[in-house]
Amino acid sequence: LTETENNISIYAFDNTVYVNYQLKAPGNVVVYDMIGKEIISENLNPGQLNKLTVNHGKGYYIVKVFSEEAVKTEKVFIN
């Protein structure tokens, strides 16, 4: 991991995806289902914990965070 990637953490609890985004540059987050369909796309607030509610049923989702400085992708489980 680069130092920039260490400033982004992605995890899920219940039906919420949390993105702890500690970069200064504006960023975006996109949530995909397992077949690659985009279900949520939002701008991230720099320097804070961003919350996204996923109301598409339980299962695995791909969360991709990208900015000018970094790209990070994680698989999360929503239950």
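Modeller: Thr 16 is found in strand S2, which covers residues 16–21; strands here are DSSP runs of E with at least two residues, helices are runs of H or I with at least four, and both are numbered from the N terminus. This is a predicted model, in which local features need pLDDT of at least 70 and side-chain atom pairs count only at pLDDT 80 or more, while totals for chains, interfaces and linings use all residues. Residues are numbered from 1 along each chain as its sequence is written, and side-chain values use heavy atoms, with hydrogens and water left out.

Thr 16 has a relative accessible area of 12%, so it counts as buried (buried is under 20%, exposed over 50%, partly exposed in between, with a 1.4 Å probe and protein chains only). Leaving aside neighbours within four places in sequence, Thr 16 is in contact with Tyr 11, Lys 51, Leu 52, Thr 53 and Ile 78, where contact means heavy atoms within 4.5 Å.

Of these partners, Tyr 11 also belongs to an aromatic pair. The structure holds two such pairs. In one of them, Tyr 11 and Tyr 18 are stacked, at 5.3 Å centre to centre and with 20 degrees between the planes. Rings of Phe, Tyr and Trp (its six-membered ring) pair if their centres lie within 6.5 Å; planes under 30 degrees apart are stacked, over 60 edge-to-face, and the rest tilted. Tyr 18 is buried because its relative accessible area is 16%, whereas Tyr 11, at 40%, is partly exposed.

Elsewhere, Gly 36 sits in the loop between strand S3 (27–32) and strand S4 (38–44). Its relative accessibility is 47%, so Gly 36 counts as partly exposed. Gly 36 and Ile 62 are 26 residues apart in sequence, and their C-alpha atoms are 8.1 Å apart in space.

Now the chain as a whole. The chain has one helix and seven strands, in the order α-β-β-β-β-β-β-β from the N terminus on. Of its 79 residues, 37% count as buried. Among contacts between residues at least 6 apart in sequence, 53% join residues at least 24 apart. The C-alpha atoms fill a box of roughly 35 × 20 × 20 Å, taken along the principal axes.
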